[in-house]
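Visitor: I would like to learn how to read a few features of a protein model. Please take them one at a time.

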Amino acid sequence: MFAIVQTGGKQYKVTEGQIFQVEKLDAAVGEKVNLDVLMLSDDKGAVTTGNPISKASVECEVVAQDKHAKVIVFKFRAKKNSRRKQGHRQPYTALKVLSIKA
């Protein structure tokens with residue numbers, strides 16, 4: 001069984017027990033979060049769709065609040081002696097799927 005969930009303006013295909021990273025959520029480590037389900041597929045291949053599906057839910061547990069690796073933003077203008085270097089680390093939340101309920 002898998003589900004397509006939506007959070008942070010993005011969609012993710014998840015299965016039970018999977019750990020995946022989403023845009024930062026305001027939740028502490030160990031808290032449980034319910035995500036909007038857009039599509040649900042069971043083991044027999046039957047597919048249910050909606051926007052979102054009202055009766056379906058995906059329960060996740062927050063595993064970690066962390067940041068991705070640093071991305072260097074370097075701007076350079078030739079022949080102008082102009083350089084600018086900046087680093088960026090995008091925060092994320094790691095979620096573990098506990099259950100998918102139809």
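Visitor: In which strand is the place of isoleucine 72?

Guide: This is a predicted model. Isoleucine 72 belongs to strand E7, which covers residues 71–77.

Visitor: Is isoleucine 72 buried, exposed or partly exposed?

Guide: Buried means under 20% relative accessible area and exposed means over 50%, with partly exposed in between. Isoleucine 72 has a relative accessible area of 49%, so the residue is partly exposed. Together with Phe74 and Phe76, Ile72 makes a nonpolar surface patch of about 330 Å².

Visitor: How many aromatic pairs does the structure hold?

Guide: The structure holds one aromatic pair. The partners are tyrosine 12 and phenylalanine 20, with ring centres 5.5 Å apart.

Visitor: Why is the pair of tyrosine 12 and phenylalanine 20 called tilted?

Guide: Planes under 30 degrees apart count as stacked, over 60 as edge-to-face, and the rest as tilted. Here the planes of tyrosine 12 and phenylalanine 20 stand at 45 degrees, so the pair is tilted. Tyrosine 12 is buried at 17% relative accessible area, and phenylalanine 20 is buried at 7%.

Visitor: Which residue lies over the face of phenylalanine 2?

Guide: That is lysine 13, at 4.5 Å from the ring centre.

Visitor: What does leucine 40 touch, leaving out residues up to four places away in sequence?

Guide: Its contacts include Phe2, Ala46, Ile53 and Ile100. Leucine 40 sits in strand E4, residues 32–41, and counts as buried at 7% relative accessibility.

How values were computed:
Residues are numbered from 1 along each chain as its sequence is written. This is a predicted model: local features need pLDDT of at least 70, side-chain atom pairs count only at pLDDT 80 or more; totals for chains, interfaces and linings use all residues. Side-chain values use heavy atoms; hydrogens and water are left out. Patches are made of residues with over 30% relative accessible area and no salt bridge: like charges are joined within 9 Å, nonpolar side chains (Val, Leu, Ile, Met, Phe, Trp, Tyr) within 5 Å. Accessible areas come from the Shrake-Rupley method with a 1.4 Å probe; for residues, only the protein chains shown count as cover. A salt bridge is a side-chain nitrogen of Lys or Arg within 4 Å of a carboxyl oxygen of Asp or Glu. Helices (H or I, at least four residues) and strands (E, at least two) are DSSP runs, numbered from the N terminus. Buried means under 20% relative accessible area, exposed over 50%, partly exposed in between (1.4 Å probe, protein chains only). Rings of Phe, Tyr and Trp (its six-membered ring) pair if their centres lie within 6.5 Å; planes under 30 degrees apart count as stacked, over 60 as edge-to-face and the rest as tilted. A charge sits over a ring if NZ of Lys or CZ of Arg is within 6 Å of the ring centre and within 35 degrees of the ring normal. Contact means heavy atoms within 4.5 Å.
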